[in-house]
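Dear colleague,

Please find the structure below, handed over for your own work. My notes on its charged side chains follow.

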Amino acid sequence: MPPRPTPAPGQLPRPRPPPLMPVAKRPPAPWALALPAGRRARARLFLRLAAPLSFLLLVAAFLRTQPPAAPLDALPPSAGPGKVAFLFLARAGLPLDFLWDAFFRNGEEGRFSVYVHSAPGFVLDRTTTGSPYFYGRQLARAVKVAWGEPTMVQAEKMLFAAALEDPANQRFVLLSDSCVPLYNFSYTYTYLMGSPKSIVDSFTDKTEKRYNPNMSPVIRKDKWRKGSQWVMLIRKHAEVVVGDKHVFQVFRKHCKMVVTNALLGQKLVNARRLGFVFRRKQILKGAAQEEHDCIPDEHYVQTLFSIKGLEDELERRTLTYTSWNQSTLDPKDKMTWHPTTFEYDAASPEQINAIKSIDHVNYEVEHRTEWCQSNGTSVPCFLFARKFS
């Protein structure tokens, strides 16, 4: 085989044709013969690049006609799937930890996190819980919580603050130690992550006398809201709750237990009728446990979002079912209302399925019916229920 000829200076080498497959050389175009060898090489290179350059320009023009990409602050702040933070308000331990253990075992690692606020000094370990999902999940700092006091809201804020430290947490669900899940983890996760709104029970109840005029002007009466404390917040709204100092200070100052002379007198009369002799201090203590001016946990989050103008970003309902006992002789006497506790014999499959079938909630004080939706799709109203023994 004769040696391969050396290309002229400035001329690109031509590939050797494969054996037994001779390829006829195409004569150069007349305009190319008139060019010097170096310019002919550059012209051929330009023609070879023209087609891919034209394609890239076409793609760029097409992309400019598409909707803009999501801004960076709308994207998850961490790699991997977003997590649901389950925030438990507990007195001490978690008596239903065996149910939650089965719930989390059905889930996927890296899609949930657990935080517990319990009594100061209480530690969740092998001696206090049967579920490894709760080992060491109590907050490092805790407050002594009293029902109907601002300490309840303070504990909630501490739970949200702890969960916000993990940038993967995108949904924050507040639960009590008597709550149970109604669905498996997969359904619950899809439901919560699919909702672009926080789910917060919030309404105006003009029949209640809990608003304290001294809260104005920070909290105006037209911004006062009521609702269940068991909320689900998106990350943006959890940051609002944790970042608030001003509104919470007003709650701490003006939402306190009050004892009226009428209530104290009625307690004394009832005690004498029953033949009991109590000291005034004992009656005062009992009255203080029943008479409250505000009940912060039923008003704080709802009122804060009302003041911040965020109500359009809420599904105005709760995810946690509660059955209220209205066994009082006077239906209007709501002071004796309290959540019904479901004992073992009352928690039948029929009862659970009845709760799961609820698809709307009636708010009589607002003449409003809230049809339960998630991202525009009809869904069951409740993912959790309380109070279970």
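In what follows, a residue counts as buried when its relative accessible area is under 20%, and as exposed when that value is over 50%. Please note that the model is predicted.

By this cut-off aspartate 177 is buried, because its relative accessibility is 8%. Its side chain meets that of arginine 91 in a salt bridge, with 3.1 Å from N to O. This pair links distant parts of the chain, 86 residues apart: aspartate 177 belongs to the loop between β3 (169-176) and β4 (180-181), and arginine 91 to the loop between β1 (83-89) and α3 (97-105). Arginine 91, at a relative accessible area of 61%, is exposed.

Two further pairs lie within helices. In helix α3, aspartate 101 and arginine 105 are four residues apart, about one turn of the helix. They form a salt bridge whose closest N and O atoms are 2.6 Å apart. Aspartate 101 is buried at 12% relative accessible area, whereas arginine 105 is exposed at 52%.

Helix α6 (residues 235-243) holds arginine 235 and glutamate 239, again four residues apart, about one turn of the helix. The closest N and O atoms of their salt bridge are 3.6 Å apart. Here arginine 235 is buried, since its relative accessibility of 16% is under 20%, while glutamate 239 is partly exposed at 42%.

Finally, a network of salt bridges links Arg316, Glu366, Arg368 and Glu370. The structure holds 13 salt bridges.

With kind regards

Terms used:
Residues are numbered from 1 along each chain as its sequence is written. This is a predicted model: local features need pLDDT of at least 70, side-chain atom pairs count only at pLDDT 80 or more; totals for chains, interfaces and linings use all residues. Side-chain values use heavy atoms; hydrogens and water are left out. A salt bridge is a side-chain nitrogen of Lys or Arg within 4 Å of a carboxyl oxygen of Asp or Glu. Helices (H or I, at least four residues) and strands (E, at least two) are DSSP runs, numbered from the N terminus. Buried means under 20% relative accessible area, exposed over 50%, partly exposed in between (1.4 Å probe, protein chains only).
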